[in-house]
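Here's a quick briefing to read with the model open in your viewer. Take a look at the structure first, then work through the notes below.

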Amino acid sequence: MSVREEDILYEEECLRNQYSVKTWLRYLEHKKSDTTQTRIEILQRAVQALPGSYKLYKMLLELRMSVLLIGKEDENGMKELNPEYPLDHILWQQTNYCFEKSLILMHKFPLIWELFVVFLMHQTNRITYTRRTFDRAIKSLPVTQHDRIWKRYLKFASLAGGETCSRIWRRYLKIQPTMADVYVETLLKLDPPKKAEAACVLATIIENPKKYGSSTRTIYQYWSQLCDIVCEYPDPIHVPQQDHLMPGGDSNLIALRRDHLDVEKILRTGIHRFTDQVGKLWNSLARWFVIRGDLERARDIYEEALGQVKTVRDFTLVFDSFAKMEEEILNAMMQEEDVDSEDLDFRLARFERLLQHRPILLNDVLIRQNPHLVSEWMNRAKLFGELGSPESVVKAYEEAIASIPPKKADGHLHQLWIGYAKFFEEKEMIERARQVFERATQVPFKKIQDLVQIWTAWVEMELRLENYEEALQVIGRGTSPVKRDLRISYNDESRPPQERVFKSTKLWSLYVDLEESIGSIESTKACYDRILELKIATPQIIINFATFLEEHSYFEESFRAYEKGIELFKYPIAFEIWNLYLTKFIKRYQGTKIERTRDLFEHAVEGCPPKFAKPIHLLYAKYEEDYGLARNALRIYDRATKKVEPEDLLDLYRIYIAKASAFFGLVSTREIYQKALETLPDKFARDIALQFAQMEVKLGEVDRSRAVYAYASQFSNPRLDNKYWEEWHNFEVKYGNEDTYKEMLRIKRSVQAKYNTDAQLLQQQILQARQLDLAENTDSGTRVAGFVAAEKTAKNDQPLNPDQIEIEMSEEEEEEETEVVEQSVPSAVFGKLAQETENVGAKDRFKRKRAE
């Protein structure tokens with residue numbers, strides 16, 4: 001190194017104070033613009049004088065590295081090599097020597113080690129030396145600083161690859177076992193990838209996931225990756241016996257066969273462990289055998305999988321893979337020149353059979369999901385029937401019967417038994433069908449309706465075969481009690497259905513239908529009597545019994561059947577029975593048994609609810625009109641007005657008034673009208689009042705009619721009931737005078753004032769006023785609020801009350817006497833008497849009376 005004049009002062013200072021770091025640093029600062037080699041020589045002199053200076057050595061090492069390495073660091077901390085200095089250049093060895101010399105006194109400084117190992121990582125021709133340097137760094141530094149070295153060490157392992165990479169990672173996993181999944185990825189990225197060792201590491205992770213597993217991945221992900229690896233690696237996967245996470249020996253989860261992994265047991269363990277991914281794991285196991293060339297074993301695996309999967313999704317995955325494998329095998333055989341035709345035909349037949357049995361295999365899956373599902377078992381029998389295999393159909397039904405506990409059946413279990421029996425019936429094996437029904441009647445069904453359906457289906461089969469006597473015997477057995485205790489309840493779930501089925505209404509209805517069709521009258525009557533004795537009759541059964549007896553002219557027995565039904569059922573059910581009973585009785589006896597008929601009607605109306613009182617009372621009154629006394633009919637109408645619902649009162653009063661008028665004249669209806677006004681609701685009383693007033697007018701009783709109008713006005717709102725007030729207005733115009741007319745107007749105003757106090761009516765009036773105001777504004781255009789048009793103001797001269805009138809009468813008219821006009825009495829007053837009275841003298845009437 002040449003010394004210039006400006007360097008003499010720094011050289012002299014370095015000679016005087018060669019053990020001062022600042023002296024050397026000032027010299028370096030002065031020479032910063034010189035060449036790198038000059039600065040390296042100064043630093044070498046400095047570290048010779050101060051061999052323990054970390055700062056000087058670091059500057060020297062970095063300056064030497066900058067000569068050999070250029071550019072920026074990549075993701076692994078590597079730089080580009082200086083092309084002027086190949087790896088065999090002496091400068092690389094000198095720099096390595098410089099690092100070694102610095103580590104003599106600074107072997108506890110991690111940064112020096114980091115610089116050294118990074119520098120060695122660039123020297124690909126010194127792999128062993130680099131690995132040993134990493135080992136020396138780990139040995140020299142404390143454990144707390146090992147992470148800084150291992151970070152570089154693992155990058156070096158990836159760069160080195162091969163066995164070196166594996167051994168470095170094995171050492172690292174002993175102190176960081178949770179990085180095993182990263183090790184697996186590293187092994188798979190090697191060239192060539194070490195799949196066997198990766199599978200061993202994954203097996204170790206699965207064996208002890210808490211120690212070796214990562215929190216970012218699930219155990220299933222490790223299983224899935226392991227399956228993918230082993231299925232692509234047909235050769236045996238050997239397990240290292242030394243320096244490995246998994247030493248040789250037996251394992252609870254992963255079985256080892258001496259020196260290699262048991263792939264089949266690994267996959268089967270995953271199948272049992274991960275039930276939601278069974279299809280994929282079965283395909284992986286079969287594919288492993290396919291890769292190994294063991295096609296028959298792969299076919300066995302697929303068939304085993306189809307017999308064990310429990311979901312449609314897994315079944316679809318396995319079946320599609322199985323079919324695809326068979327198809328590929330057939331395609332490969334067809335492309336060969338010398339192919340065995342028998343073998344090819346056999347494989348084609350097997351492939352067609354596989355496709356043909358797909359619905360049955362799918363049905364197996366659904367049954368495995370829920371072995372108690374009746375509909376799927378019936379579908380299974382149907383599928384075998386479509387294939388034309390009667391033995392398989394019978395076997396399917398028997399398997400279903402054995403697999404489904406009656407108390408756990410999902411669906412209608414009776415359909416399974418009935419379908420089984422119908423199968424034998426269609427095959428004309430009637431005795432076998434009867435045996436099936438016989439077995440079914442002994443099954444302890446969950447619901448008694450299932451047993452009822454079994455007996456019904458058995459009877460229907462015998463009817464289809466026209467074995468009528470056999471059908472009667474079967475239904476007789478079904479309705480016979482197992483025990484003599486008739487108090488057993490049909491709905492008692494604590495007893496088996498066989499003990500309760502004799503009280504089934506459906507079975508007894510079928511029984512009586514059969515007796516009516518093919519039995520005798522006496523047997524049918526006995527059957528109906530038995531139903532009544534068991535107290536299981538329905539209103540329809542009662543009506544059918546009575547109708548049956550009536551058709552065969554047993555009228556009194558028919559009426560007794562109605563009476564038994566009335567004893568069993570109360571209102572409202574008894575209403576229909578009473579209605580039919582009374583109608584039939586009147587039609588049969590008409591007016592020959594009046595007292596008995598009256599007793600029946602009295603019994604019917606006793607305790608009758610208001611809802612059903614009107615029809616019965618009208619029928620009672622009609623009977624009295626036709627066969628009894630008119631006064632009795634009117635009394636019945638009067639009783640009816642006290643028992644019917646308020647909604648029926650108006651119609652009933654109208655009928656009552658019409659009948660009274662027809663029998664005894666209009667005068668007799670006054671009391672009825674008065675009672676109606678007292679009892680009817682306001683909305684109905686107005687109509688009756690108008691009718692009452694018109695009746696009084698017919699009788700010439702104008703004052704009474706006016707009194708009726710005045711009485712009914714209290715519940716007639718002038719704003720809503722315009723019809724009523726119009727009728728009164730017309731009445732006063734026709735029959736009244738000024739005083740009566742004014743009185744009518746006064747009453748109208750008072751009633752209107754009373755209704756105006758109602759808040760709801762006031763609100764309606766306000767809304768109507770607003771609507772009218774809005775309509776006026778629309779007609780007259782835009783107006784200013786607060787101003788009134790002049791033509792509107794001129795109307796204030798009119799009287800305030802629009803209903804007020806002025807009648808001017810002269811004094812002469814007031815003094816005139818009113819002429820009394822004699823009027824004839826209307827004929828309606830006398831009713832039917834007017835029709836019998838003739839215009840004859842007293843003598844003729846006397847002679848007629850004597851003649852009578």
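Among contacts in the protein chain (heavy atoms within 4.5 Å) between residues at least 6 apart in sequence, 54% join residues at least 24 apart. Keep in mind that this is a predicted model, where local features need pLDDT of at least 70, side-chain atom pairs count only at pLDDT 80 or more, and totals for chains, interfaces and linings use all residues. Residues are numbered from 1 along each chain as its sequence is written, and side-chain values use heavy atoms, with hydrogens and water left out.

**Overall make-up**

- The protein chain comes to 45 helices and four strands; these are DSSP runs numbered from the N terminus, with helices being H or I of at least four residues and strands E of at least two.
- Of the 852 residues in the protein chain, 41% are buried, where buried means under 20% relative accessible area, exposed over 50%, and partly exposed in between (1.4 Å probe, protein chains only).

- The average pLDDT for the protein chain is 80, and 85% of the residues score at least 70; pLDDT is the predictor's confidence in each residue, from 0 to 100.
- Residues 246–258 stay under 50 in pLDDT, and the model has 30 contacts for them beyond four places in sequence.
- Residues 779–843 also have a pLDDT below 50, with 25 contacts in the model beyond near neighbours in sequence.
- Where pLDDT is low, the predicted coordinates should not be read in detail.

**Around helix H10**

- Helix H10 covers residues 180–189, and its buried residues are Ala 180, Asp 181, Tyr 183, Val 184, Thr 186 and Leu 187.
- What do those buried residues of H10 pack against? Their partners are helix H8 (146–160), helix H9 (162–173), helix H11 (195–207), helix H12 (209–212) and helix H13 (219–231).
- Tyr 183 also belongs to a cluster linked by ring pairs, together with Phe 134, Trp 150, Tyr 153, Phe 156, Trp 169 and Tyr 172.

**Aromatic pairs**

- There are 41 aromatic pairs in the structure; rings of Phe, Tyr and Trp (its six-membered ring) pair if their centres lie within 6.5 Å, and planes under 30 degrees apart count as stacked, over 60 as edge-to-face and the rest as tilted.
- Phe 585 and Tyr 589 have ring centres 4.9 Å apart and planes at 50 degrees, so this pair is tilted.
- Both Phe 585 and Tyr 589 lie in helix H31 (residues 573–589), four residues apart, or about one turn of the helix.
- Phe 585 is buried at a relative accessible area of 0%, and Tyr 589 counts as buried at 12%.
- Tyr 709 and Phe 731 form another tilted pair, 5.3 Å centre to centre with 40 degrees between the planes.
- Tyr 709 is in helix H38 (residues 702–712) and Phe 731 in helix H39 (residues 722–735), so the pair ties together parts that are 22 residues apart in sequence.
- Tyr 709 and Phe 731 are both buried.

**Charges over rings**

- The charged end of Arg 358 sits over the ring of Phe 319, 5.2 Å from its centre; the criterion is NZ of Lys or CZ of Arg within 6 Å of the ring centre and within 35 degrees of the ring normal.
- Lys 525 has its charged end over the ring of Tyr 554, 4.5 Å from the ring centre.

- Tyr 571 and Pro 572 are joined by a cis peptide bond, with omega about 5 degrees, and Pro 572 lies in the loop between helix H30 (555–568) and H31.
- Glu 428 isn't a glycine, but has a positive phi of about 60 degrees; Glu 428 is in the loop between helix H22 (413–426) and helix H23 (430–440) and is exposed, with a relative accessible area of 70%.
- Lys 535 isn't a glycine and has a positive phi of about 60 degrees; Lys 535 is in the loop between helix H28 (521–534) and helix H29 (539–551) and is exposed at 66% relative accessible area.
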